[in-house]
Amino acid sequence: MNRYPVAYRQATEEPEAFWAEQALRVPWYTPPTQILTYDDQQHARWFEDGEFNICYAALDHHVAQGRAEQPAIYWDSPVAQAKCTLSYRELRDQVAHFAGALAGLGVEKGDRVVIYMPMIPEALVAMYACARLGAVHSVVFGGFAAHELATRIEDAAPKVVVAASCGIEVDKIVPYKPIIDQALVQSRHQPDACIIFQREFQRATMGVRDHDWNELVAKAPFAECVPVKGSDPLYILYTSGTTGKPKGVMRDSAGYAVALAYSMQTIYAMNPGEVMFTASDVGWVVGHSYIVYGPLLRGCTSVVYEGKPVNTPDAGSFWRLIEAYRVTSFFTAPTAFRAIKKADPDAKLLEQYDISSLKHLYVAGERLDAPTFHWLDDLLDVPVIDHWWQTETGWPIVANQPGLEEMPIKPGSASLPVPGFNVQVLNREGEPAAPMEQGSVVIKQPLPPGCLIGIWRDPQRFHGAYMAAFPGYYLTGDGGYFDQAGYLFIMGRTDDVINVAGHRLSTGEMEEVVGGHPAVAECAVIGIHDALKGQVPIGLVIPKDDFSGDELALENELLARVRDTIGPIACFKQVLVVNRLPKTRSGKILRKLLRNMADGKTFGIPSTIDDPTSLDEVHALMCERDVGAADKSASI
Ligand code: COA
Ligand code: AMP
C-alpha cells in the first residue's frame with residue numbers, strides 16, 4: 001500500500017489537479033473553473049468562481065439522494081434529561097424555516113449573525129440557516145463572559161444575535177440572556193434583533209428587540225439555499241492570539257466543504273450512513289468541523305452531546321453514547337480522558353457497555369500525554385489516533401490517516417502531514433531543521449482548501465501574525481520536530497497561547513485584564529502544568545507603591561475580574577502578590593523561567609537577569625502557596 005505517499009506527493013506537486021479531483025466530492029451549482037488563485041497578498045483562494053452552498057451540500061443534497069429518513073443528528077442531553085433524533089429531512093426543514101425567519105428579519109447574503117448557544121439541535125439549525133442564506137455566522141462559546149461576547153459582537157457587527165435562554169452545566173443553570181443583555185450594553189454595535197430559544201429550565205425575560213424562536217419559526221416561510229461564490233465567507237470564529245483582541249478567523253464555504261469531505265473519508269475513515277461522535281462544543285473549531293459540517297457532508301450521522309465526560313452522571317457517559325448510537329469514530333480532547341481516568345481508573349464502567357461498533361478513537365486540541373495514550377491503548381481494541389490542527393486550519397494538518405492507509409502509531413507524535421499541508425520545521429535562521437532538531441512548525445504556501453482566508457476586518461493582522469515571520473510560510477505558532485521517518489512531534493506553543501482543558505486561551509489577554517486593575521503596577525500570567533487540564537493560568541502581580549489594602553482581597557478581586565471579563569472557562573484560580581518579578585536587564589519578564597519554576601523543573605539562571613534575588617523570593621512564595629510543583633524545582 002502506498003496510497004499515502006502518492007496522495008501526498010500529488011497534493012504537494014500538483015495541488016490544482018489534486019483538489020480539482022477532490023472537489024467532485026461535493027455538489028456544485030456551478031463547478032469552479034478557477035481551482036487555485038491568489039489574493040493581492042499572495043494568500044491562496046480555492047474554487048473562487050464556483051457556485052456552492054454548504055447547507056445544500058450537507059442537507060438538501062442528501063435528502064434528494066435518498067437519505068431523507070436517515071438520522072442526521074442524535075441529540076443526547078443528560079443535563080436536560082432529553083434526547084431526540086432528527087432525520088436529514090427534519091433537520092433540513094427546520095433549517096429552511098429558521099432561515100426564513102432570519103430572512104424575515106432582514107438577514108441577507110454577507111450579513112453576520114452571532115450565535116450564543118449550548119449544545120442543542122437549535123445551535124446547528126441556526127448555523128445551517130445562516131449558511132443557507134449565504135450569511136456569515138459567528139458562534140461564541142457559552143463559557144465566555146459578557147465582555148468577550150461584546151468584543152465579538154462589536155467586531156462581527158451582526159444584524160441578528162441568536163441565543164438560547166440558558167445553558168446547563170453539571171451543577172448549575174447558566175442564564176444566557178443576562179450575559180447577552182450585558183454584552184449589548186458594552187458593545188458599540190447593536191444588532192437589529194435577538195432571537196431567543198426559550199428552554200424551560202430558565203426562561204428569559206424578553207425585551208423590545210427580542211423575538212421568541214418558536215413564534216418566529218411558526219410563521220416563517222421555507223427558504224431556499226442561496227448560491228455563494230466558492231471563496232465567500234461561511235463563518236468567523238474568534239480565537240485567542242497573543243493580544244487582548246481575539247482574532248476573527250474567517251473561513252470560506254466551498255474549500256472548507258471539500259476539505260472536510262476529504263478528511264471524513266481519509267482521516268476519520270467514515271462511510272456514508274455511519275455515526276460519528278465528536279465530544280466538543282459548537283463554539284470551537286472541532287465542533288464546527290466535526291459535529292456540524294463534516295459528518296453531514298459525508299452523509300453520516302452526528303452525535304450532538306450536551307454533557308460532560310464525567311459527572312453527567314458518571315465517567316461512563318462516552319461509552320454509553322458509543323453503544324447507544326453504534327458510533328464508528330469517536331473524537332474528543334485528551335483532557336476528557338484524563339477526567340475519566342481520574343474518576344474511573346480501571347474503566348470499570350466500560351464493562352457495562354458494548355462498544356464493538358467503534359473502529360477508531362481520535363484526540364486533538366492539546367498534547368496527548370503518554371500516560372493517557374497508554375491508558376487508552378491498553379483499554380481499547382481500536383487505534384488511538386492523535387492528530388494536530390488548529391482553529392486557523394479548520395481540519396487536521398498532521399494525522400494518522402487510516403482511511404487512506406494504515407500507518408504505525410508512535411506515541412507522542414500526531415504522525416504524518418496530511419496531503420495538502422506541506423509541513424516543515426524551520427530553525428531560528430529560517431533554514432530547514434534537521435530530523436530530531438526542534439524549531440518552528442510552519443506550512444509552506446499555498447495552504448490547502450479549508451484553511452483561514454483571512455482575519456475578519458484585519459488583513460494586516462493576518463499577514464503580521466502568520467505570514468511575516470518566514471516569508472512563503474504560514475507560522476503555526478507551535479514548536480516541534482520531525483523524526484527520521486518524517487513523523488511530527490509537537491512540543492507546544494512558541495507564543496503566549498496556553499491550552500486549558502483543550503481550550504485555547506491567551507495569557508496576554510489575561511495580563512491585560514489583570515493589569516487593568518487600578519491597584520496593579522505590573523503582572524505576568526503564565527500557563528503551568530495541570531494533571532487534569534494540561535495547563536492552567538496563574539498570575540503574579542506587583543501592586544502599585546501606594547497600595548495599602550489587603551493582599552488577599554486584591555487576589556480575590558483579580559480572580560473575579562478575569563472570570564467576569566473572560567469567563568469561567570479561563571480557569572484563572574490563583575494569583576500571587578509579589579514584590580518583584582525576575583526580569584532581564586532590558587526589563588523583559590522571564591516567563592519561561594517562572595513556568596519551569598512552577599512546574600518543578602530545574603531552571604537555569606540566565607546571565608542577563610537583572611537581580612537574581614528576585615527569583616528566590618518568587619520561588620519561596622510559590623512553594624509556600626503550593627503553586628504547581630514549585631517545591632520540587634531547583635535552580636542550577
Ligand atoms: N457554558 C457556561 N459555562 C461553562 C461552559 C459553557 N458551555 N463550559 C464550561 N463552563 C464553565 C464550567 O461550569 C466551569 O465553571 P466553574 O469554574 O464555575 O466550575 C468552568 O467553565 C470551567 O469549565 P471546564 O474547563 O469544563 O472545567 P470542569 O472542571 O467543569 O470540567 C473537564 C473539566 C475536563 C471535564 C472539561 O474541561 C471537559 O470536558 N473538557 C473537554 C474539552 C473539550 O471538549 N475541548 C474542545 C476541544 S476538542
Ligand atoms: P485551537 O485553535 O483551539 O484548536 O488550538 C490549537 C492549538 O492546540 C495548536 O496550535 C496546538 O498548540 C494545540 N494542539 C491541538 N492539537 C494538538 C495535538 N494533537 N498535539 C499537540 N498540541 C495540539
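What percentage of the 636 residues in the protein is buried? In this predicted model, buried residues, meaning those under 20% relative accessible area with a 1.4 Å probe and protein chains only, make up 62% of the 636.

**View 1. Overall dimensions and secondary structure of the predicted protein.** The protein holds 18 helices and 32 strands, taken as DSSP runs of H or I with at least four residues and of E with at least two, numbered from the N terminus. Its C-alpha atoms fill a box of roughly 70 × 60 × 60 Å along the principal axes.

**View 2. The hairpin of E26 and E27.** Strand E26 (residues 473-482) runs antiparallel to strand E27 (residues 488-493), and five bridges join them, where pairing requires that DSSP find at least two bridges. Phe482 stands opposite Leu488 in E27, and among the five residues between the strands Gly486 takes a positive phi near 85°.

**Notes.** Residues are numbered from 1 along each chain as its sequence is written, chains are lettered from A and ligands numbered from 1 in the order written. In this predicted model local features need pLDDT of at least 70 and side-chain atom pairs pLDDT 80 or more, whereas totals for chains, interfaces and linings use all residues, and side-chain values use heavy atoms, without hydrogens and water.

Conventions
Buried < 20%, exposed > 50% of the residue type's maximum accessible area, 1.4 Å probe, protein only.
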